[in-house]
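Visitor: I'm new to reading structures, and I'd like a close look at one single part. Could you walk me through it?

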Amino acid sequence: MAYSDKILKKSIDPTVHQMLARAQELGLETAWDRYEAMLPECGFGELGVCCRNCNMGPCRISPFEDAGPKRGVCGATADIIVARNLIRMIAAGAAAHSDHGRDLAHTLLMTAEGKGGGYEIRDEQKLQTLAAEYNISTEGRSKEEIALDLAGAVYAEFGKQEGPIRFSRRAPRKRVDLWQKLGIDPRGVDREIVEIMHRTHIGVDNDPVNLILQGLRASIADGWGGSMIATEISDVLFGTPKPTRSLANLGVLKADEVNIIVHGHEPTLSEMIVAASRDAELLALAAKLGAKGINVVGLCCTGNEVLMRHGIPIAGNFLQQELAVITGAVEAIIVDVQCIMPALGNLTGCFHTKFISTSPKAKFPGAIHIEFHEDQAYDIAKEIVRGAVENYRWRKPGQVVIPDEKVECLVGFSTEAILAALGGSLEPLLEQIKSGAIKGLAGVVGCNNPKVQHDFGHVNLVKELIRNNVLVVTTGCNAIACAKVGLMLPEAAAQAGDGLKVVCQSLGIPPVLHMGSCVDISRILTVCAAVASALGVDISDLPVAGAAPEWMSEKAVSIGSYVVSSGIFTVLGTVPPVLGSTAVTELLTTGAKEAIGATFAVEPDPFQAAQLMISHIEDKRAALGL
Ligand code: CUV
Ligand code: SF4
C-alpha cells in the first residue's frame, strides 16, 4: 500500500506507516498529531531560559541582544536559569531510575523475609558476588539470610549521608579520585537529588558551574547507584540474562490469542504477569473463550526486561505504544511507571482494550487501577490476567489490523553473557581492540521523539558504527529499534566492517548487543570499568563513545550526565534546552573535557554523529598507542 509523504516522514518502520494510516481512517490522534498541534513549541522553553522556581515569576530571559529582560525578578541570569533547569531534569531522571532501584531492593527484602508473594532468588551466583562486594558473610548461610543482609545494604544506599555508594567503587581508581577532587563523588542517592531541589530554590546556588557539578554528582548516584542497584537486584531475583532468541515489532500480536501488553519499567510486575499467563486455569479459561492461548508481549523497558530474561516478544518502542492499541487486538495494556502516555486512557476507550494501572505512584485518566503489592504478587497478577482473558470475548475481529512485520533477534547480553561468549575473560575482546579488528565500543541508547523521524537516527547511527568496525552495545528504545531491523541477529555481521564481521562470526554474536533496559546502562558502565581497570587506565582513555539519537525523557538527561561524568564522550541527537546560556553550553560541550575528560556533542544527523564518535574513538586509540 502507498502511504502519504506525511506518514512516511514520521518513521522508517513500516508498521508505523500502516498503523498511522489506520489511525487516520478511524479518526484517532497520536503523539505525532499532538506534536504538530503544539508547533511552534515555546522558544523560551527550548532555550531553557524560562524560570518558574518562585512566584515573583514566571520569568523568561530575552534571547535577543538588544531587547527584553536579561535578568529574572530575583536577578537570575540566563546562565543561572539554564543551569538550574537542567539539573532539575537530572534530579527527576535520577529519582525515577533510583526509585525503580529502591522498589527492587524492597522486593528483595520481602522475598528474603519470606513475604515475597511468588518471587524467589533465581541467581545465587550473583547473590554471592554482590554479597562479597558488600562484605556480607556467606559461609554456611542460606540464600535468604544472605539476601536479607544484601537487601538491607542496598536499601541503605538511598538514604546514606556520607557515602560512598558501594557500586561506585567499581569505577577505576583514577575516576573515583577525579570525582573526589571535583567534589562530585555521591554521598547517597536521595541526598544528591534532594540537594538539587534545595540548590535550585530561589536564592540558593547561583553559580552555573557549581550547579552543574551538583547535577553530575546526582547523575553519578543514578548510574553507579540507583540504576546499578536496579540491574543487579533484578538479576538476583529474576536471573541474569543469557542469549535468547525472540521477535520484535507489532507483528508479535496474535489474531487468535489473548494479547496482553506489559508496558513501563519495573520487572517486578512484568515477571509476574508472564508467570500468571502460564497458569493452567487461565489457559483453560482462554481456550473456553475461543482463544488459542495467552500472548504476553512487551513495550519499552519493562518489555526489554522480560525480553532479555524470558524471550518474551517485544511489540515496539516508545512511539509505538498508541499504535499497539490501534491494532484493536489488545485485551489489556498493563502498566506500572515511566514513559506511559496519559493519552492511552482516551485511546483505549475507543477499543475493547483495558488500560490497567498498577502502581500507587502512577494513576491515569481512563485506566482501571488494580494495585500491585509484592506480598501478593502472583495472586494479583493472576487477577489482572484473568480480566484480560475475559475481555477477549469483547474483541471485534472486524476492527483488528495487525501488521505482519516481526523480526527475529538474539538478545540477553548481560556483562556475564558477554564474558561467557568470550570464553570467560575480557582478554579476547581486548586483543581484538588492540589488533584493530574492533576499533572500539559504542553505547547507543535512549528514547524516541516525534521531533525526529522515528527510528531513523537509531538505526542509521548504529549501522554506520558497525560498518566502521565499532561494536555496539545498546539498551532501551534504541535496542528495540535495532531488533526490529534485524541488527540483533548474528547474520547482521554481514553489515559490519571486515574486522568486526570476522569477530562476530567466530563468536556467533550479533554486531549489536542488547544489554537490556535503561537502568541496564549500568551494565555498560561495569564493562567499561572492567576494561579500563584491566588496561590500567581511566574510562576516559578508552576508545569508547555514547549516543542517544532520539532521546526525550528526563531520565535520558541523567543518563547522558553520568555517562559523560564517567569519562565517555556522548552525542545527543535532539537538542537539550541549554542553548539559552552560552556558558552552560560551552561547559557541557568543551569545558567538561578539562574537568572530567569527556564532553557532550549535539548532532541530529546520525551519519555525522557516527563520524564524531568514530573520530573520537580513533583519537583515543592513538593516545593509547594503538
Ligand atoms: Ni528506557 S526512557 S522512552 S522506555 S528509552 Fe524508551 Fe524506558 Fe526512553 Fe522510556
Ligand atoms: Fe524569576 Fe528568580 Fe523567581 Fe526564577 S527564581 S521565577 S528567575 S524571580
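Which residues are closest to ligand 2, and how many surround it?

Guide: Happy to! Keep in mind that this is a predicted model. Ligand 2 is surrounded by 14 residues, and the closest are C51, C54, G57, C59 and G72. Sorted by class, this shell holds 10 nonpolar, three polar and one charged residues.

Now look at the cysteines. An unreviewed UniProt entry places the feature "binding site" at C51, C54, C59 and C74. These four span 24 residues in sequence, yet no two of their C-alpha atoms are more than 10.8 Å apart, so they gather at one spot.

Let's take two of these cysteines in turn, starting with C51. You will find C51 in strand β1, which covers residues 50–51. C51 counts as buried because it has 25 C-beta neighbours inside 10 Å. If we set aside neighbours within four places in sequence, the contacts of C51 are G57, P58, C59, G72, A76 and I81.

One of those contacts, C59, is our next stop. C59 belongs to strand β2, residues 59–60. C59 has 20 C-beta neighbours inside 10 Å, and a residue is buried if it has 20 or more, so C59 counts as buried too. Leaving out residues up to four places away in sequence, C59 touches C51, G72 and V73.

Conventions: Residues are numbered from 1 along each chain as its sequence is written. Chains are lettered from A and ligands numbered from 1 in the order in which they are written. This is a predicted model: local features need pLDDT of at least 70, side-chain atom pairs count only at pLDDT 80 or more; totals for chains, interfaces and linings use all residues. A residue is near a molecule or strand if its C-beta atom, placed from the backbone, lies within 6 Å of it. Ala, Val, Leu, Ile, Met, Phe, Trp, Tyr, Cys and Pro count as nonpolar, Asp, Glu, Lys and Arg as charged, and the others, Gly among them, as polar. UniProt positions are given in the numbering used here, feature names are shortened, and annotations may be inferred rather than shown by experiment. Helices (H or I, at least four residues) and strands (E, at least two) are DSSP runs, numbered from the N terminus. A residue is buried if 20 or more other C-beta atoms lie within 10 Å of its own, exposed if 12 or fewer, and partly exposed in between; C-beta atoms are placed from the backbone. Two residues are in contact if their C-beta atoms, placed from the backbone, lie within 7 Å.
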